[in-house]
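Q: I would like to learn how to read a model like this one. Please show me, feature by feature.

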Amino acid sequence: MSGVILEADDLHLRFGGVQAANGASLKVAANERIAIIGPNGAGKTTFINLCTGYLKPQSGRVVFNGQDVTRLSPRAITRLGVGRSFQIPQLFLDNTVIDNLLLALSAREGSWSPFTPMLRHPKAEEMWALLDLVGLKETGNRIVRELPEGMRKLIDIAVALALEPKLIFMDEPTSGVSSTEKFQVMDTLTRVLDARATTAVFVEHDMDVVARYANRVAVWAGGRIAHQGTPEEILNHPEVRETVIGVGV
Amino acid sequence: MPPEMLLLAALDGLAYGSLIFLVAVGLSLIFGVLGIVNVAHGSFYAIGAYVAAAGVLALGAAGLPTWLAFPTLLIAAALVGILVGGLVEIALLRRVYGKEEVLQLIVTFAVFMILEDAQKVVFGVQPYFANAPMNWLGTVEVFGIFYTTYQLILMPLVALAVLVGLRFFLRRTSFGRAIVAVTQDREAATAMGIDAARVYLITFIIGASLAALGGALASATTSLTPGIGAGTLVLSFAVAAIAGLGRIEGAAVAALLIGLGRSAAVYFAPEFDVLIPYLIMMVVLLVRPQGLFSTVQTRKV
Amino acid sequence: MARQLVFGAALIAALAVFPLFSPWSTVILTVALCEGLAALGIMVLLRAGQVSFGHGLFFSFSAYAVAFMAAAKVGHEALVLIPVGMAASGLLAAIVGLFVVRYRAIFFGMLNLAISMVFFSLLEKLFSITGGADGKRVPRPTFAGVEFGREQFELATFYVTLVLCILAALFVARYLLSPGGKALEAIKSNETRLEYLGVSPRKVLYGAYLLSGLLAGLGGAIIALVSGHVTPELAYWVRSGEFVFIAILGGIGGVAGPFLGALMFQIIRGYAAVYAPETWHAVLGVMLLVIIFFAPAGLYGIVAGKGGKAQREEGGR
């Protein structure tokens with residue numbers, strides 16, 4: 001295992017009578033592909049929220065690249081190089097696909113001159129390449145609201161990738177994608193991540209996807225990791241088979 | 001400073017706070033259920049005040065006994081709530097539920113502009129003064145200072161009754177529980193067979209009636225002039241915001257805070273009395289943007 | 001796009017020649033342009049889904065700044081007073097903005113209202129300084145060093161205002177099309193994603209607030225000069241409400257909208273003064289409802305032929 005890029009240590013968070021994080025810990029090494037699996041309500045999304053600053057833990061800490069980011073805002077953590085896509089895609093629904101991506105590129109470059117119209121964006125070429133990558137080049141001029149959920153999920157991921165993060169959290173990247181296209185999407189995604197040496201942590205319900213694309217699996221239950229190991233170990237683990245794979249899919 | 005001044009200021013603040021509470025709790029209730037901040041809320045207060053004053057003056061002119069003024073105040077408030085409030089909800093608000101917030105704001109703002117002028121047309125621009133109910137109740141002496149029973153006892157009592165009554169209504173009655181259910185999860189409540197449209201309408205009428213009741217009570221203590229609606233709106237919003245929008249008990253505390261703050265200013269720095277509520281609101285929102293009695297809510301991602 | 005440009009050019013041309021044929025309209029048109037500037041500021045904020053019921057603050061602040069300077073003979077020159085008045089409002093917006101950009105929706109609207117009402121009551125109460133409810137007279141300054149008669153002064157001010165409005169509108173149009181403008185709209189559509197792009201929504205809104213304060217300030221500075229008089233009424237909530245009305249009436253789809261709305265507003269005001277002097281705010285209220293429910297893209301949407309209704313419905317969630 002090479003250097004640790006992110007370390008979440010003993011995170012606790014309780015809200016509304018629910019222990020959403022109960023000693024959640026995870027070490028992520030550079031270039032890993034970690035799949036988080038577990039039943040609904042196990043605290044998977046909460047964990048991502050805690051690591052990316054959307055929620056603040058009541059105790060415990062998150063260290064990214066040697067820096068304590070526990071109390072930082074999502075904005076600050078994003079700027080340090082942590083990207084994120086969402087379970088429900090978080091996009092600018094009334095804008096076109098290209099506007100969504102160009103805004104991300106502007107954010108990355110910090111270029112906000114009021115005299116440079118979107119239409120003449122200096123990073124337009126990169127934007128089209130990115131869209132091509134997720135296979136959505138022909139949707140570029142469509143308004144996001146009009147697109148089906150599966151496409152929105154991919155755009156959401158493309159937006160996160162546009163920021164060139166060192167580490168990306170993806171919350172169910174293939175949930176809206178049809179089962180026939182899942183592998184194709186994941187193949188592309190993995191290629192991009194490999195090419196950019198981007199580390200990835202993703203929540204996934206499809207065990208075939210987990211088996212094929214993760215090199216480590218963390219099983220979430222009750223707000224923390226119950227088991228972790230290689231996909232082979234985990235997917236053959238009798239207890240996991242029963243509690244997660246049997247019920248959670 | 002003399003201690004009786006302090007006492008006088010405190011009693012004044014109590015009376016004033018009671019009044020503002022009535023208006024603010026209506027605003028807060030409507031927001032809690034409908035998710036709309038009703039900019040026209042101040043107009044319900046003003047119209048309630050005018051209708052009540054007109055009723056009381058008419059009683060006097062007809063030579064009827066003064067005690068009849070008290071039921072008149074209540075009837076005026078209910079009438080304004082049902083007729084004006086009901087009309088606004090049915091004709092306009094219904095069409096903007098679930099729309100952009102800014103749109104809802106502008107719609108209620110338009111209603112506000114219409115109602116402000118409607119008052120002038122109906123009641124004229126001459127000041128109304130109908131203090132018969134206040135005089136009829138006489139005065140009480142507190143540590144050597146005479147104070148009107150109306151302001152010292154009746155107004156706080158009404159506020160207290162509304163607070164207790166509202167709590168009871170929301171927690172113990174089936175319709176009150178339906179309101180709470182709709183507030184928490186409209187879809188689930190509808191699935192359970194609750195008629196959300198009816199809950200919205202009745203909540204709006206209750207909220208509007210409370211504002212009108214505040215106005216009706218105030219009508220006996222002060223002369224009514226055009227424009228009282230705008231000031232009251234800001235004040236009641238300040239109270240609701242300080243408490244946290246949708247918080248009923250919190251509104252009582254916040255109203256008292258604003259009432260005391262304002263009357264302290266009236267006694268000790270009269271030129272700044274109008275500034276105090278704004279200042280309290282700004283300070284509270286600066287420290288706790290979600291209000292004093294609310295917990296933070298984050299959007300689910 | 002072409003259609004919008006043609007329309008904009010036609011509007012400018014019509015405005016430019018109108019006072020030559022009917023001199024009585026010079027002041028009214030200047031006032032309309034000033035209110036259009038303030039409404040343009042409101043429109044910028046509306047793009048972020050925020051509405052301010054208190055921009056009378058910036059409108060009146062620069063107007064009083066101009067009045068004080070003109071009275072004190074510090075700046076007895078219109079071309080100095082206008083930018084200085086505007087800058088004064090910009091400074092105020094820079095301070096107030098630090099506070100209000102933390103809030104959204106009703107909180108944003110009401111805090112703006114509250115602050116403007118504080119200023120309004122100060123203007124009324126501090127009689128010895130501000131002249132109270134009677135306000136202050138603004139002596140007519142020189143114009144580019146020349147002492148004009150009233151009519152020439154009004155005409156010169158009108159054309160300067162027209163040019164400033166064009167510049168302001170072009171700048172705002174450019175800004176709204178730039179990534180920064182899209183980031184502003186993102187505050188309305190999804191602040192969470194904006195945060196996760198590493199962008200501070202507060203900073204974006206702060207910039208827009210500053211711009212809107214400057215625009216309202218520019219309008220206020222000029223209106224002080226052409227009316228020769230400032231009163232606390234400039235800071236009153238009714239005034240702020242009118243700016244919102246104008247922006248909605250004109251439509252926020254394009255920068256010509258607020259100016260179109262302001263011209264229409266003057267026409268309504270003219271007729272209302274004759275036919276409904278007591279109830280003309282009610283007339284405005286009714287019109288506001290009619291626009292919102294039946295022509296949500298406003299006058300601009302009708303004239304520029306943008307599918308207003310569909311557009312607005314997309315925006316609703």
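Q: How many residues has the largest nonpolar core, and which have the most contacts inside it?

A: A nonpolar core is a set of buried Ala, Val, Leu, Ile, Met, Phe, Trp, Tyr and Cys residues joined through side-chain atoms within 4.5 Å. Buried means under 20% relative accessible area, exposed over 50%, partly exposed in between (1.4 Å probe, protein chains only). Here the largest nonpolar core has 245 residues. L184(C) and L197(C) have the most contacts inside it. This is a predicted model: local features need pLDDT of at least 70, side-chain atom pairs count only at pLDDT 80 or more, and totals for chains, interfaces and linings use all residues. Residues are numbered from 1 along each chain as its sequence is written, chains are lettered from A and ligands numbered from 1 in the order in which they are written, and side-chain values use heavy atoms, with hydrogens and water left out.

Q: What does L197(C) touch?

A: Contact means heavy atoms within 4.5 Å. Not counting residues up to four places away in sequence, L197(C) touches T78(A), F92(A), L103(A), A104(A), A107(A), V159(A) and L163(A). Another core, of 32 residues, lies apart from the largest one. Among its residues are V28(A), I34(A), V62(A) and I225(A).

Q: In what order do the four strands of the open sheet in chain A run?

A: Strands (E, at least two residues) and helices (H or I, at least four) are DSSP runs, numbered from the N terminus. Two strands pair if DSSP finds at least two bridges between them. In chain A the order is 2-1-4-5, with antiparallel pairing. Strand 2 (18–29) and strand 5 (67–68) of chain A stand at the edges; each has a single partner strand, so one side of each lacks a neighbour in the sheet.

Q: Which helix packs on this sheet?

A: Helix 1 (residues 44–51) of chain A does, touching strand 1, strand 2 and strand 4 of chain A. For angles, axes are lines fitted to C-alpha atoms, for helices over the stretch in contact, and values run from 0 to 180 degrees between N-to-C directions. The direction of helix 1 makes about 115° with that of strand 1 of chain A.

Q: How many residues of helix 9 of chain B are buried?

A: 20 of the 24 are, so helix 9 of chain B is largely enclosed by the rest of the structure. Expected span is 1.5 Å times one less than the number of residues. Helix 9 (residues 196–219) of chain B reaches 34 Å from its first C-alpha to its last, close to the 34 Å expected.

Q: Is T149(B) buried or exposed?

A: T149(B) is buried, with a relative accessible area of 14%. T149(B) is found in helix 6 (residues 149–172) of chain B.
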